[in-house]
Amino acid sequence: PYATKLVDRILTMSATNDVAGVREVQLDCDWTKTTQEKCFAFMAEVRRLLAGHGIEMSSTIRLHQLSSEAPPAGRGVLMCYNTGAVRSSDTGNSILSSADVAPYARNLKKYALPLDLAYPAFDWAVWFRDDEFCALLRAADPSDPHLTQVKDNIYKVTESFYQERNYLIYGDIVRFEFSDFDQITEVKNLLEPQLGDHSVILYHLDSSKLSKFTPDEISYIYGR
């Protein structure tokens, strides 16, 4: 019944908002070993129902899932971001690191689904207190006068202040993480030669995030 409700909801939303000619629906499902059987059964039923309306179904794929059974979808989108341990104070950049991606690359060619690739175009800050993760800060700014750079992308709170309803105190650490063009290029060159025909996605399409890339850089990311 849940699969039917989901497909009915998708079709209703498309019709209500005059979205005609839907060709594909993508499910974002982060299953585990204990939930895989039920998740895959649900996805298979959704795919069957969508096929009755001439609509394909794809699925997001996490890097660690490349060594596991593929879901019952027509295609997969490999999410090449959030590759590191965001909650660890030892991580350099949890959004994207070619060193984090490399161990999974060997599983690409033998994966059972054709894959498209999604690269990050976002950034955030990670707040720590006594080496313990506190929160993600979406609007923090490294130029904030309450912060002092310690090294690279690591900043220390030198004067307590509020940030997004959080109270950061003296001594707290803020790690600023960015989706860097050079890192995207390294991952792109690592993965894409192993793929056949594929599409490239930038997540997410926000003018303020995309403005940090030059037109040539964006063309290169989307290029083959």
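1. Asp18 is a handy place to start: this residue is found in the loop between α1 and β1 (24-27). One thing to keep in mind throughout is that we're looking at a predicted model. Asp18 has a positive phi, about 55°, even though it isn't a glycine. Its relative accessibility is 69%, so Asp18 counts as exposed.

2. Asn82 belongs in the next entry on backbone angles. Phi of Asn82 is near 55°, again a positive value in a residue other than glycine. You'll find Asn82 in the loop between β3 and α3. With a relative accessibility of 43%, Asn82 counts as partly exposed, because the exposed class takes values over 50% and the buried class those under 20%.

3. Have a look at the peptide bond joining Tyr203 and His204 too: it is cis, with omega about 5°. His204 sits in the loop between β12 and α5 (207-210). As background for these backbone points, most residues other than glycine have a negative phi, and most peptide bonds are trans.

4. Back to the β3 to α3 loop, this time for a side chain. Thr91 lies in the loop between β3 (75-79) and α3 (98-105). Its relative accessibility is 14%, so Thr91 counts as buried.

5. Now the helices. Two packed helices are described by the angle between their axes and the distance between the axes. For helix α1 (residues 2-16) and helix α2 (residues 36-51), the axes come within 9 Å and cross at roughly 45°. The pair is therefore oblique, and α1 passes α2 in a right-handed crossing. On the α1 side, the contact uses Tyr2, Ala3, Thr4, Leu6 and Val7; these meet Phe42, Glu45, Val46, Leu49 and Leu50 in α2. By class, the residues of this α1 with α2 contact divide into 8 nonpolar, 1 polar and 1 charged.

6. Ile10 is also part of helix α1. This residue has 17% relative accessibility and so counts as buried.

7. How do α3 and helix α4 (residues 181-191) cross? Their axes come within 10 Å, at an angle of roughly 10°. That angle is under 35 degrees, so α3 and α4 are roughly parallel to each other. The contact is made by Ser98, Val101, Ala102 and Ala105 of α3 together with Gln183, Glu186, Val187, Leu190 and Leu191 of α4. The residues of this α3 with α4 contact divide into 6 nonpolar, 2 polar and 1 charged.

8. A bit more on α4 itself. At the start of α4, a side-chain oxygen of Asp180 reaches to within 2.9 Å of the backbone nitrogen of Asp182. Which residues of α4 are buried? They are Phe181, Ile184, Thr185, Val187, Lys188 and Leu191. Note that Lys188 is on that list of buried residues. The cover over the buried residues of α4 includes β3, α3, β4 (115-120), β12 (200-203) and α6 (215-222).

Conventions
Residues are numbered from 1 along each chain as its sequence is written. This is a predicted model: local features need pLDDT of at least 70, side-chain atom pairs count only at pLDDT 80 or more; totals for chains, interfaces and linings use all residues. Side-chain values use heavy atoms; hydrogens and water are left out. Helices (H or I, at least four residues) and strands (E, at least two) are DSSP runs, numbered from the N terminus. Buried means under 20% relative accessible area, exposed over 50%, partly exposed in between (1.4 Å probe, protein chains only). Axes are lines fitted to C-alpha atoms, for helices over the stretch in contact, and angles run from 0 to 180 degrees between N-to-C directions. Angles under 35 degrees count as roughly parallel, over 145 as roughly antiparallel, 65 to 115 as roughly perpendicular and the rest as oblique. A crossing is left-handed if the near helix is turned anticlockwise from the far one by less than a right angle, and right-handed if clockwise. Contact means heavy atoms within 4.5 Å. Ala, Val, Leu, Ile, Met, Phe, Trp, Tyr, Cys and Pro count as nonpolar, Asp, Glu, Lys and Arg as charged, and the others, Gly among them, as polar. A polar contact is a pair of N or O atoms within 3.5 Å; within protein, one must be able to donate a hydrogen and the other to accept it, and residues adjacent in sequence count only if both atoms are side-chain atoms.
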